[in-house]
Amino acid sequence: MMGPRTTAPELPQSGAQVRAELRCANTRHSRRNSDHQLRRMNRRSEHRFLKTLCHRFFWLFLTLPINGIVFGQTEDALPTPRLLSPVDTPPVFVRNTKDLSQWPNMIKAGINEARAHFGNYGPVFVYIAGHQNSELNSKAFHRRLTAEYCRHRHPSNEDEFNACLKGSASEIIKKAMSGRGDAYLSMVQDTDPPIAELVFINPHEFHAPYLYTRGIHEYTHVFQRSFPRTPTWMMEGGAEFYASYLGDKRGWANFRHDMIHYLQNVKRIPDPALGIRDMEDIDKASPEIRKYYRHLAYDAGAWAFAFMIHQSKSQRVSDVTKSLYPQIAKRGWEAAFADHVNMKDKGVFYEKFTALLQQPLDQQLEMLNAIKD
């Protein structure tokens, strides 16, 4: 057997040997440090390069125009939205002429009621798609509707026309074939002049009286989009107010009943601090506020619109179109609004409106009763 391995005793080194080994060790250490520093420098250089590249692409993206809006601009620098205008021609209806049901006539009656109140603005194209009778949902009709829809949007550009057929026009047909009801206004500002589209999808899914007032609601937006921007609560609340107020005169709605219903919806908002001041611009609202979009913009907005009329000198609905909106066109909504309600500014109005919502129902209804045509 081999015995345990032993280590030979080290011999003492001379001073020259020690200095030589120290120089070698320092050289190896310096090389390792240099390699390490070089790798760190390379990583830092790559990081700076990628950071600069991303930064440049980010700002390049922000300055690209998308649908006429440059995202790098401030709100004040954004181009002013083009407006609709008074026109001599009535709305153009694009519908299946074989549809003999009541729905198209109800839509037209509601729109015409609003036109009688506001005047004729536009140009307006009304598209009705989706039918209770499946035979009316033919490919031939869908081709005609989508062709007219895209031709009105792109009268002279074939590439954009064809892209429209595959894009937004096909989406209308998909919604129509889904069976779900919908109605909305869309603005097309690329045309000259800009146009309004009122789209009604599967109107048979709406109950009968509501379809009349929905026509009023959507055409109210046509009137509103003929003037400079107003707050979201004034847009949607005003459309709800007119739908019920004008509809009541034709037996299509019950104004008093509707306003009580709107008030009940407002009371369902769990946070009493939320109000219409939070609904001036839905695009800037937080997710928490967006959850109550319907309650604040439509329901509270309808009451705020009625309160606005009540606080005016005449307390007349007709003065909104005759006086307020022309002043909005000249001075902007905040200055025109403050003068119309005889208050220092919108903040005072918001405070008084909040106080109104705390009053008993009978006092709130007295306010509505004081409003005149």
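**Strands and their partners**

Guide: Let's start with Val124, which stands opposite Ala196 in strand 8. Keep in mind that this is a predicted model, where local features need pLDDT of at least 70, side-chain atom pairs count only at pLDDT 80 or more, and totals for chains, interfaces and linings use all residues. Residues are numbered from 1 along each chain as its sequence is written, and side-chain values use heavy atoms, with hydrogens and water left out.

Visitor: What makes strand 6 and strand 8 a pair?

Guide: Two strands pair if DSSP finds at least two bridges between them. Strand 6 (residues 124–129) and strand 8 run parallel and are joined by six bridges, so they pass that test. Strands here are DSSP E runs of at least two residues, and helices are H or I runs of at least four, both numbered from the N terminus. By that count the protein chain has 14 helices and eight strands.

Visitor: Why are strand 4 and strand 7 called edge strands?

Guide: The open sheet has four strands in the order 4-6-8-7, with mixed pairing. Strand 4 (92–94) and strand 7 each pair on one side only, which is what puts them at the edges. From one strand to the next, the twist averages 20°.

Visitor: What packs against that sheet?

Guide: Helix 2 (residues 103–118) lies across strand 4, strand 6 and strand 8, at about 155° to strand 6. Helix 3 (residues 139–153) touches strand 4, strand 6, strand 7 and strand 8, and its direction makes about 160° with that of strand 6. Touching, or contact, means heavy atoms within 4.5 Å. The angles run from 0 to 180 degrees between N-to-C directions, using axes fitted to C-alpha atoms, for helices over the stretch in contact.

Visitor: Why is Ser244 called buried?

Guide: Buried means under 20% relative accessible area, exposed over 50%, and partly exposed in between (1.4 Å probe, protein chains only). Ser244 has 2%, so it is buried. This residue lies in helix 7 (residues 232–249), and it touches Ala253, Asn254, Phe255, Asp258 and Tyr262, leaving out residues up to four places away in sequence. Strand 7 (residues 182–188) is mostly covered too, with five of its seven residues buried. Over the 373 residues of the protein chain, 42% count as buried.

Visitor: What makes the Ser244–Asp258 approach a polar contact?

Guide: The definition wants N or O atoms within 3.5 Å; within protein, one must be able to donate a hydrogen and the other to accept it, and residues adjacent in sequence count only if both atoms are side-chain atoms. The Ser244 and Asp258 side chains come in at 2.8 Å, so the pair counts.

Visitor: Why are Phe118 and Phe223 called stacked?

Guide: The whole structure holds 26 aromatic pairs. In this one the ring centres are 4.7 Å apart and the planes meet at 25°, so the pair is stacked. The rule takes rings of Phe, Tyr and Trp (its six-membered ring) with centres within 6.5 Å; planes under 30 degrees apart are stacked, over 60 edge-to-face, and the rest tilted. Phe118 is in helix 2 and Phe223 in helix 6 (residues 208–224), 105 residues apart. Phe118 is buried at 6%, and Phe223 is buried at 2%.

Visitor: Why is the Phe307–Phe349 pair called tilted?

Guide: Its rings sit 5.3 Å centre to centre with 40° between the planes, so the angle falls between the two cut-offs. Phe307 lies in helix 10 and Phe349 in helix 13 (residues 346–357), so the pair ties together parts 42 residues apart in sequence.

Visitor: What makes something a nonpolar core?

Guide: It's a set of buried Ala, Val, Leu, Ile, Met, Phe, Trp, Tyr and Cys residues joined through side-chain atoms within 4.5 Å. The largest one has 76 residues, and Trp303, Met308 and Phe349 have the most contacts inside it. Helix 10 (residues 293–311) gives the largest share, 12 residues. Apart from it lies another core of 18 residues, including Tyr127 and Phe141.
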